[in-house]
Amino acid sequence: MGKVTGFLEYGRSERPYRPVEERVGHWREFVEPLGDRATRKQAARCMDCGIPFCHDGCPVNNQIPDWNDLVYRNDWREALENLHSTNNFPEFTGRICPAPCEEACVLNINDDPVTIKTIECAIVDRGFEEGWVRPRPTAVRTGKRVAVVGSGPAGMAAAQQLARAGHHVVLMEKEDRIGGLLRYGIPDFKMEKHLIDRRMAQMAAEGVVFRTGAHVGVNVDAEELVATHDAVVLAGGAEAPRDLTGTPGRELDGIHFAMEFLPQQNRINAGDPAPADRIDAAGRKLVVIGGGDTGSDCIGTSTRQGARRIVQLEIFDEPEEEPNLDLVWPYWPRRLRISSSQQEGSEQLYEIETTAFLGDGAGRVRALATRQVRFRPGEGFVPVPGSEGEIEADLVLLAMGFAGPVRHGMIEDLGVALDARGNVQADTESYRTSRDKVFVAGDMRRGQSLVVWAIREGRQCANAVDAYLTGRPSELPR
């Protein structure tokens, strides 16, 4: 370890945000780096605790104490090498991962963990600034052809690893730009898209071929794709949104899925013209149904568009600000987490169920009929008598998560087996589906999850595909 008494000498210090009144006026990232000296102090807080519980908390198995020590000793380049040995895209995770590693940190027993995510982001950003991040093309080609379907973090990770193993890789994306939800789901103020573009440049130099506008099962025949490649990796994500089907008034105008709303603004920010059917929160009384990250992204986007009022509904109860970590550490605790978007101006209401959408007589939503509920084990959500009410809204965004992959099209055409939850069935060793030559990784296999899990599955799937294609154990890291 670097500084034996570091965790005693230095307190936790996180990256600050730009002031609310400034940042809501633009779409750029607003998190301020700590700077090299302050970051090295934070790295010095790592205890080298003997049993690195942070490893267990990190799905990609980042060697966190190792690169903390390297940063403290000012060896940033070696820290970058170490970080890249387990994570293809730390600039993504350093911005949008919720940092389960920090919840598992030994110092979190006192609710004061090492700022692992901040240090990770500083390492990779320094690497790009110094020109240390370069293409790593292989000198030997296998002649094997692999199609990776879906260019989110799982697909990107699998494609890069397989190209480095010497295979000819085409990364296919149904949209007009590479990146999946990183491109069109995550707002620019959380992650600017030039970060994707510079990784694409590295991957192209390593041999990855990008093919956009290629919607397998729609304008690309799925069976032909399998027939013309030695392996196919399905990494299309879990894009089927949860709905309030059956709720009276669901058909009213002004009610949209979050993923109908968020991509429009990202496209506009990228220079595309505003669509004729643009969903604009400017001047609107908005209700966001769903209390997770997607709901927060809707809030931040709507705030910047100029929403008049924003109310966010969550069906579960309000978590504690300070949970009893003695009961849950090193596992992920359920705690009250106020996002940067929520801080910018919105109301959060808990234990609220929408019973109906009310119209204005002209076919547009004007309000939500609601009631309070309490969750009781074995009974589900039980209404509270006399708690009925209304919330005014002329725009409603449904951000209740995703029910799994879209089955119509590619999945149905390929006839791959599904698990009990409706995801494409495969284990975490072979990543093979029920179809020969067809593999699956990321949210399409495990269901809605985190960017860090997607990268892990993409890497592990690449290892399995490489072993399948070469007939020997793969040298790609898992």
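## The largest cavity

Helix 4 (53-57) and helix 5 (64-72) each give at least two residues to the lining of the largest cavity. Helix 5 has the largest share, with three residues. This is a predicted model, and the values below are computed from it.

Rolling a probe the size of a water molecule over the atoms shows where empty space is left. In this structure, a search of the whole model finds four cavities of 30 Å³ or more.

Helix 4 gives the most, with three residues.

The second largest pocket holds about 200 Å³ of space. It is lined by 13 residues. Asp56, Gly57, Cys58, Pro100 and Trp453 lie nearest its centre. Eight of the lining residues are nonpolar, three are polar and two are charged.

## Helix 10 against helix 20

Two packed helices are described by the angle between their axes and the distance between the axes. Take helix 10 (residues 153-164) and helix 20 (residues 451-470). Their axes come within 7 Å and cross at roughly 35 degrees. The crossing is right-handed.

Which residues make the contact? From helix 10 come Pro153, Ala154, Ala157, Ala158, Gln161 and Leu162. From helix 20 come Val451, Ala454, Ile455, Gly458, Arg459, Ala462, Val465 and Asp466. Sorted by class, the contact has ten nonpolar, two polar and two charged residues.

Strands of a sheet pair through backbone hydrogen bonds, either parallel or antiparallel. Here, five strands form an open sheet in the order 6-14-7-8-9, and the pairing is parallel. Strand 6 (255-257) and strand 9 (347-350) stand at the edges. Each has a single partner strand, so one side of each is left without a neighbour in the sheet. From one strand to the next, the twist averages 20 degrees.

Look at one pair of strands up close. Strand 6 runs parallel to strand 14 (residues 395-398), and three bridges join them. Histidine 256 has leucine 397 of strand 14 as its bridge partner.

## Helices on the sheet

Helix 14 (residues 258-269) packs on the sheet and touches strand 6 and strand 14. Its direction makes about 75 degrees with that of strand 6.

Helix 15 (residues 293-305) also packs on the sheet. It touches strand 7 (285-289), strand 8 (309-314), strand 9 and strand 14. The direction of helix 15 makes about 175 degrees with that of strand 8.

## Two backbone exceptions

Most residues other than glycine have a negative phi, and most peptide bonds are trans. Two places in this model are worth checking against that background.

Where does asparagine 61 sit? Asparagine 61 is in the loop between helix 4 and helix 5. It is not a glycine, yet its phi is positive, at about 60 degrees. The other place is the peptide bond joining tryptophan 329 and proline 330, which is cis, with omega about 10 degrees. Proline 330 lies in the loop between helix 16 (325-328) and helix 17 (340-343).

Terms used:
Residues numbered from 1 in each chain as written. Predicted model: local features only at pLDDT ≥ 70, side-chain atom pairs only at ≥ 80, totals over all residues. Heavy atoms only, no water. Axes fitted to C-alpha atoms, helices over the stretch in contact; angles between N-to-C directions. Helix = DSSP H or I, 4+ residues; strand = E, 2+ residues; numbered from the N terminus. Left-handed = near helix turned anticlockwise from the far one by under 90°. Contact = heavy atoms within 4.5 Å. Nonpolar A, V, L, I, M, F, W, Y, C, P; charged D, E, K, R; others polar. 1 Å grid on protein atoms, 1.4 Å probe; cavity = no way out; pocket = protein on both sides within 12 Å on 5 of 7 lines; lining within 4 Å. Points joined across faces, edges and corners; volume = space filled by probe spheres on them. Pairing = 2+ DSSP bridges.
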